Amino acid sequence: MMAQGAPRGSILFMPGRGDIYEKYLETLVHWQSQGWNVTSADWRGQGGSGRMSDHQYVGHIQDFAHWIDDIGGFWDEWGSSRPGPHVVVGHSMGGHLIARAIQEKRIDPVAAVLSAPMLGLKGLGLPMSVGHLVTRIMRGLGAPERPAWKVSEKPASPLAIRQTLLTHDNERYADELWWWGQRPELVMGPASWHWVERAYESNIRLNAPGQWEKVRTPMLLMGTSADQLVDNKATLAAAARIPGAELLAFGREARHELLREVDPIRDKVLQTIDDFLARKVAGAATERVGAAA
């Protein structure tokens, strides 16, 4: 989406596990209206980007490092063809992968926003090291590509309560189902046991001592204590460790999909992001001018 007139810069938005960028069009249009060029894409193996196993509805990846390679290459190509300053926004698993790419210096945005980022896993309710051990065992008990649960967004969660995990907004939830009806190939359900094991491994890597402390990219983290999919405590801990990070915290009034919540929540989220980007992008421009002088 191209801004009308001279753009303020360019935003890359990356969705979460099993997500499709189409369900965020309302938010992408908002940023376009604020003067940004906006780009979004599906991660390899989900949405319209094919599948990484023979299971059409199962999310699978051999290793999260493949996604880091993908976003690094995409960022280089995208950044060279879009006007700066360049900003990145990631939701859930997208926030996790964006954070890792920044830590590993594969991307260099002037600012980053992480919405309900997957910095810890809530589904099994286990400490990270124990969860990693359990999922390694489960992965080895059968085909690694087999689904780790049957339906919905977390283990033992029936499809009937899926909305209660994602958003309070009935119409925005229905919009995703509409896209599924229009394009059935976009539908994705559970992750594979191999994906779950790799997610634990990647989170241990992401939260290792010294990793957050070395980040110099201005970051805004947003989360809710009512999140039943990602560990919000991990988001709070990361925000405390990242130099200069800003935090927007919600309680029971918000569910996992902050950008698709009811208007009072979503409006606050967008206003906070807009304010953050206005300050940080302007600051980055000032630093560039000072360096040039």
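Buried means under 20% relative accessible area, exposed means over 50%, and partly exposed is anything in between. Keep in mind that you're working with a predicted model.

**Exercise 1.** Work out whether E26 is buried, partly exposed or exposed.

*Solution.* Start by finding the residue: E26 sits in helix α1, which covers residues 25-33. Next, take its relative accessibility, 42%. That value falls between the 20% and 50% cut-offs, so E26 counts as partly exposed.

**Exercise 2.** Find out what E26 touches, and how far E26 is from A278.

*Solution.* First, skip residues up to four places away in sequence; E26 then touches R172 and R266. Now for A278: along the sequence, E26 and A278 are 252 residues apart. In space, their C-alpha atoms are 20 Å apart.

**Exercise 3.** Classify the ring pair W178 and W179, then do the accessibility of each residue.

*Solution.* Searching the whole structure turns up seven aromatic pairs. For W178 and W179, the ring centres are 5.1 Å apart, and the cut-off for a pair is 6.5 Å. Their planes meet at 85°, so this pair is edge-to-face. On to accessibility: W178 has 47%, so W178 counts as partly exposed. W179 has 17%, so W179 counts as buried.

**Exercise 4.** Which residues form an aromatic cluster with W195, and which residue lies over the face of W195?

*Solution.* Begin with the cluster: W195 belongs to one with W43, F64 and W67. Then look over the ring face of W195: R17 lies there, 5.9 Å from the ring centre.

Notes. Residues numbered from 1 in each chain as written. Predicted model: local features only at pLDDT ≥ 70, side-chain atom pairs only at ≥ 80, totals over all residues. Heavy atoms only, no water. Phe/Tyr/Trp six-rings, centres within 6.5 Å; stacked < 30°, edge-to-face > 60°. Buried < 20%, exposed > 50% of the residue type's maximum accessible area, 1.4 Å probe, protein only. Lys NZ or Arg CZ within 6 Å of the ring centre and 35° of its normal. Helix = DSSP H or I, 4+ residues; strand = E, 2+ residues; numbered from the N terminus. Contact = heavy atoms within 4.5 Å.
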